[in-house]
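Dear colleague,

Please find below the structure that I am handing over to you. My findings follow it.

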Amino acid sequence: MVALDQVIEGDCVEGMRTLSDASVDLVFADPPYNLQLRNELRRPDNSKVDAVDDAWDQFASFADYDRFTRAWLTEARRVLKDSGALWVIGSYHNIFRVGAILQDLGFWILNDVVWRKTNPMPNFRGKRFTNAHETMIWAAKSARQPYTFNYEAMKALNDDLQMRSDWTLPICAGAERLKSADGAKAHSTQKPESLLHRVIVASTKPGDVVLDPFFGSGTTGAVAKRLGRRFIGLERDPDYVRLARKRIAEIVPAEFDAIEVTKSKRAEPRIPFGWVVERGLLPPGTVLQGTQKRHRAKVRADGTLVCADATGSIHQMGAHVQGLDACNGWTFWQYEHQGKLIPIDYLRQRLRADLA
């Protein structure tokens, strides 16, 4: 296993072959898009568009591109832990070919995420729609193994709403865009840190190892370092390697308590309501009230509730008194404490804290 938090100069496939099996938690890949540009792009005023015409983005045929894609994805799959996952970003030029090969190799696609750009480059010729998005595929190594998804963290990041699969973020610009000595873009496809921040917070834990086989200007490493993750970067262009190393060296990691994210409720230990009763937090005979104070039920010694015409669990009785098919009894039922009504979920959280 190579040293962590390093930028390794060389071919991505050869570089991954130096890594141990099942040694990486997440792969983020921004491979060549194979844009197939045939001519210079010019604006209506005849000025040249700074398009992606680098040699690393050029392939002789779709077959060559497919062979390249299969080779790096095969190695990426080998180095991923069984619980690992992969994100790969692309445009309409390549993402469908990449997706098919992903499935052929046994990856399990979880989502395709559309990155909608708030400030895309205009379509100067007026012959097509403005290309205003890129597509990311999020895939687990296996359909049978658990993978990391910080659902509650994504919900918190989105103002307490479920995070959707369409992300509206600006392209890399302004002070974030790295420049060469002559003021030109240092890297033609530098991704915004906001995009990597969301990917890494969504699908890793502090201390996880993130591999980027197409490291470029080092955005993945910069964000990983700031968020307390380890990284491995592979990059064949020596100028990009120097750029990335300098950039990452200037990053100051956040304090440990700042890199923790809201844990998914599914990841929290299960607490039966009976535990609340047997530990004396709600003794048998305690009367609970519903959230609107219209419904009452009494706690029994075995952790069930009883009301005038039925007996059952906190969930069953919450649904019964409201005439619903289902109910979260932890948030519906409340107990009185010092003149105030408090959801019984507060007692569940106390028990969880004791188990931590």
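Of the 356 residues in the protein chain, 43% are buried, where buried means under 20% relative accessible area, exposed over 50%, and partly exposed in between (1.4 Å probe, protein chains only). Please note that this is a predicted model, in which local features need pLDDT of at least 70 and side-chain atom pairs count only at pLDDT 80 or more, while totals for chains, interfaces and linings use all residues. Residues are numbered from 1 along each chain as its sequence is written, and side-chain values use heavy atoms, with hydrogens and water left out.

As to the overall form, the protein chain comprises 12 helices and 14 strands; these are DSSP runs numbered from the N terminus, helices being H or I of at least four residues and strands E of at least two. The radius of gyration of the protein chain is 26 Å, whereas a compact globule of 356 residues would have one near 21 Å. That radius is taken over C-alpha atoms, and the globule rule is 2.2 Å times the number of residues to the power 0.38. Along the principal axes, the C-alpha atoms fill a box of roughly 80 × 50 × 40 Å. Of the contacts (heavy atoms within 4.5 Å) between residues at least 6 apart in sequence, 67% join residues at least 24 apart.

Helix α5 (residues 193-203) is largely enclosed by the rest of the structure, because nine of its 11 residues are buried. Among them are Glu193, Arg198 and Ser203, together with Leu195 and Ile200.

The structure also holds 11 aromatic pairs. Rings of Phe, Tyr and Trp (its six-membered ring) pair if their centres lie within 6.5 Å; planes under 30 degrees apart count as stacked, over 60 as edge-to-face and the rest as tilted. Phe68 and Phe214 form an edge-to-face pair, because their planes stand at 65°, with the ring centres 6.0 Å apart. This pair links distant parts of the chain, 146 residues apart: Phe68 lies in helix α2 (residues 62-79), and Phe214 in the loop between β7 (209-212) and α6 (219-226). Phe214 is buried, at 14% relative accessibility.

Phe149 and Tyr151 are likewise edge-to-face, at 6.2 Å centre to centre and 65° between the planes. Phe149 is partly exposed at 35% relative accessible area, and Tyr151 is partly exposed at 26%. Both belong to a cluster linked by ring pairs, which also includes Trp87, Trp138, Tyr147 and Trp167.

Yours sincerely
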